[in-house]
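Visitor: I am new to this structure. Please take one part and look at it closely with me.

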Amino acid sequence: MNSGIVDLISFDQGFAWRHWAVWYFLLVGSAAGASLIAFIATLRDEDAPQVRPALFAAAAAGIAAPFPLLADLHQPARFMHFYLSAATDSIMWWGAWFLPAFVAGLAVLVILYSPFGRRFMAFRTYAWYWTAAFAIAVLAYTAGEMTVVRARPVWHDALFPILLTLSSFVSGAGIVAIVATARGENPGIAPRVLGIGSLLFVVGVVAWITAGWGNGGAFTELAIRYNPVSLLLVMTGVCGIGGAVVTLAMPRAAIFNILAGALAVVGALIFRWQLFMGGQAQPKTETGFLPYSLFANSDALAGLIGTVGLLAVIVAVLSFILIHKDEGGEDHTASHTAL
Amino acid sequence: MKTRREILSLSAVAALGLAIQPGSAASAQPQTPPSGYTPRWGMAIDLRKCIGCQACTVSCAMENGVPTGAHRTVVSTYEVPTDNGPGQAVLPRLCNHCENPACISVCPVDATYQQTDGTVVIDAEQCVGCGYCVQACPYDARFINKETGIADKCTFCVQRVGAGLLPACVETCVGGARVFGDLKAKDSQVALLIQNHKVDVLRPEMGTRPQVYYIGLDGRLQDRVEAEFGARQLRDQNPQQEG
């Protein structure tokens, strides 16, 4: 760039989407990915050992997800307006219906897999199909609602929804691997999804940067010229490559499953941070970047603590519901360790 | 020798003459439309007349109670290279009240809509402050009002126009650069300006069909301006100086 133009008086509009959006997209994406992994396991056997931990992981993330979403609304008390409108042109409006349908499906499944739901086992299949369908709908709407925003070139890119969805599967597999390992259960296909997904994800990110090289690609500009994002991108790459190496090249051991799971979740979090916050840091009227602190931000730290605290409460409640003994004394979770 | 009474009478006639002078602000007042007729409000900005004084920025903020640090309109000012060395270019920015607005279709609660006169407005009671319209606007014309928690933007001073007045920015424009009126009326000042001059709109590639037209727009400012080191970078380097 060598235009010789200098902005003497310019203005910065504040970020409309705050860090809460990052948490929401991470949680709901992970929940959708984990629930689809669980759904695939149920196709063979609804009581397969890998189903319960995957459901646990999906439910924990899914039930927590609406809270940061509400927090990101600047008028959260008006959330009912979504349901009193018929804005069918808006993908976000559709999402307002898909999200509760998905979370309700997860909640119903939790009940069906608890001692209270034993007499309604016949409904499990329907509940799984419902939840899987709305998991796909949630993945489609979250990626779609951002991709249609033509004014944000980083989001309005064919690779954006692909990589966002792929990273949802990777982080979903990550939370399944963590939960299953912590409970001493079979993580099923989660490590394989995590490993292959991470590999594809890293290749996709490199392809995205390469595709925009020399032709003003918005993501490339963000990745190369905007220092906080450049650093975050390196961290995402480390997480992606690390996750792939740990799951595909290391022996199957609990510690490696936990490590790979953590790398997957952190990588997906950082990826969303750079896309959402970095994307908004690109002004629409001028080139360059808006001043924004990606790291030393007390609000973001409060969001992290709040989200983790919320997750801890939900995990505790789910542990109480999903880890149980039958009245007859049969221990369904004898080998499990509560989280 | 004239008496005091005669002098006063002459002054009154002179004042009246000034008030009805063709091309003055008064003559550009939106006329009360005949019954059943709906105007299409729009604006032409003659950049040759804009001096970058920011009177429009201030009057807009005063009229509409815009919080500190936010703007419904602002005059972006640039140093641009010219054949004779560095020159100054100004670009008043505001909502373009597009014919095909990107902000309306994304709104999940139908809070933002277009009136029959083309003005894009926000229902303050309906908006949930999701910020989706802020993302969708290609002109950075929208923001979340930190005091109300809802989306905010230029409304062409709908409250003033409804009362037969001009938008505050037009009223206070020192150079008469901003001209507001009915784009459908062929004899309106704004329509004549657009008809008789080469006009441009901002970011036409976005397909939004803006209804704010610029006369004398430097092509380098039409899309995202390739700004090098300037005010924004200074703000970035000295964040403690921010309001």
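Visitor: In which sense do strand β1 of chain A and β11(B) pair, and over how many bridges?

Guide: First, some ground rules. This is a predicted model, in which local features need pLDDT of at least 70 and side-chain atom pairs count only at pLDDT 80 or more, while totals for chains, interfaces and linings use all residues. Residues are numbered from 1 along each chain as its sequence is written, and chains are lettered from A and ligands numbered from 1 in the order in which they are written.

Now the strands. β1 (residues 5-9) of chain A pairs with β11(B) in the parallel sense, over 2 bridges. Strands are DSSP runs of E, at least two residues long, and helices are runs of H or I, at least four, numbered from the N terminus. Two strands pair if DSSP finds at least two bridges between them. I5(A) has A227(B) as its bridge partner in β11(B).

Step back to the two chains. Here 50 residues of chain B are in contact with 40 residues of chain A; contact means that the C-beta atoms, placed from the backbone, lie within 7 Å. On the side of chain B that touches chain A, several elements each supply at least two residues, among them β11 (227-228), α8 (231-237) and β2 (74-82). β2(B) gives the most, with 8 residues. By class, this side of chain B has 28 nonpolar, 11 polar and 11 charged residues. Ala, Val, Leu, Ile, Met, Phe, Trp, Tyr, Cys and Pro count as nonpolar, Asp, Glu, Lys and Arg as charged, and the others, Gly among them, as polar.

Note on methods. Contact = placed C-beta atoms within 7 Å.
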